[in-house]
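I set out to record, entry by entry, what I looked up in one protein model. The entries follow the order in which I turned to each topic.

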Amino acid sequence: MSIEARIAELGLTLPQPAAPVAAYVPAVEANGLLHISGQLPFRADGSLMTGRLGEDVDVEGGRAAAERCGLMLIAQIKAALGGDLDRVERIVKLGAFISSTGDFTDQPKVANGASELMAAVFGDAGRHARSAVGVPVLPLGACVEVDAVVAVRPA
């Protein structure tokens with residue numbers, strides 16, 4: 001089954017890839033690895049999911065935000081690969097940054113939103129290494145940001 005068919009089967013819709021908000025590019029492919037810049041959690045209506053875990057966002061809200069970051073990562077991967085998600089060989093690593101209070105320690109549970117999405121979409125190739133860290137603030141007040149390293153097949 002193609003990745004596009006799997007996305008449809010899961011009832012998911014990829015957003016339009018977000019434009020960079022500063023001086024960087026969304027993706028760089030080098031030596032068979034596609035490095036995707038950190039993606040923020042935009043809802044389907046385009047609004048940004050903001051706040052801090054442990055303050056005004058609960059774990060489930062953070063998890064949903066991480067999943068939205070994951071959808072944006074897939075949209076950026078698709079754009080970088082000229083629309084061919086079947087070139088994805090493996091999701092190598094995700095880096096999850098969670099805006100959280102000093103006493104919030106459930107960053108791994110929040111990051112699972114993106115990790116579980118990758119496994120659902122890419123199967124075993126979606127299983128990856130990961131970092132999940134708490135930070136005091138993220139760009140634009142976002143509650144979560146996730147970046148990725150992806151192994152890709154040649155075009």
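**Notebook: salt bridges, sheet and helix**

I began with helix H1, where Glu9 and Arg6 are 3 residues apart and therefore separated by about one helical turn. I noted that the model is predicted. An α-helix has 3.6 residues a turn, so residues three or four places apart point the same way. I found that Glu9 and Arg6 form a salt bridge, with their closest N and O atoms 2.2 Å apart. I recorded Glu9 as exposed, because its relative accessibility is 51% and the exposed class begins over 50%. Arg6, at 25%, counts as partly exposed.

Next I asked how many salt bridges the structure holds. The count is 6. One of them joins Lys78 and Glu4, at 3.0 Å from N to O. Lys78 belongs to helix H2 and Glu4 to helix H1, so this pair ties together parts that are 74 residues apart in sequence.

I then examined helix H2, residues 59-80. Its 22 residues should span 32 Å at 1.5 Å a residue, and the end C-alpha atoms are 31 Å apart, which agrees. Just after H2, I noted a positive phi of about 65° at Gly82.

Beyond its neighbours within four places in sequence, Arg68 contacts Pro41, Phe42, Arg43, Ala44 and Met49.

My last entry concerns the sheet. It is open, has 5 strands in the order E1-E2-E5-E3-E4, and shows mixed pairing. The edge strands are E1 (27-30) and E4 (129-135), each pairing on one side only. From one strand to the next, the twist averages 15°.

I followed the pairs in turn. E1 and E2 are antiparallel over 4 bridges, and Glu29 has Leu34 in E2 as its bridge partner. In their hairpin, with 2 residues between the strands, Asn31 takes a positive phi near 55°. E2 and E5 also run antiparallel, joined by 5 bridges; Ile36 is partnered by Ala148 in E5. E3 and E4 pair in the parallel sense over 7 bridges, and Ala96 stands opposite Ala132 in E4.

How values were computed: Residues numbered from 1 in each chain as written. Predicted model: local features only at pLDDT ≥ 70, side-chain atom pairs only at ≥ 80, totals over all residues. Heavy atoms only, no water. Expected span 1.5 Å × (residues − 1). Pairing = 2+ DSSP bridges. Axes fitted to C-alpha atoms, helices over the stretch in contact; angles between N-to-C directions. Contact = heavy atoms within 4.5 Å. Salt bridge = Lys/Arg side-chain N within 4 Å of Asp/Glu carboxyl O. Buried < 20%, exposed > 50% of the residue type's maximum accessible area, 1.4 Å probe, protein only.
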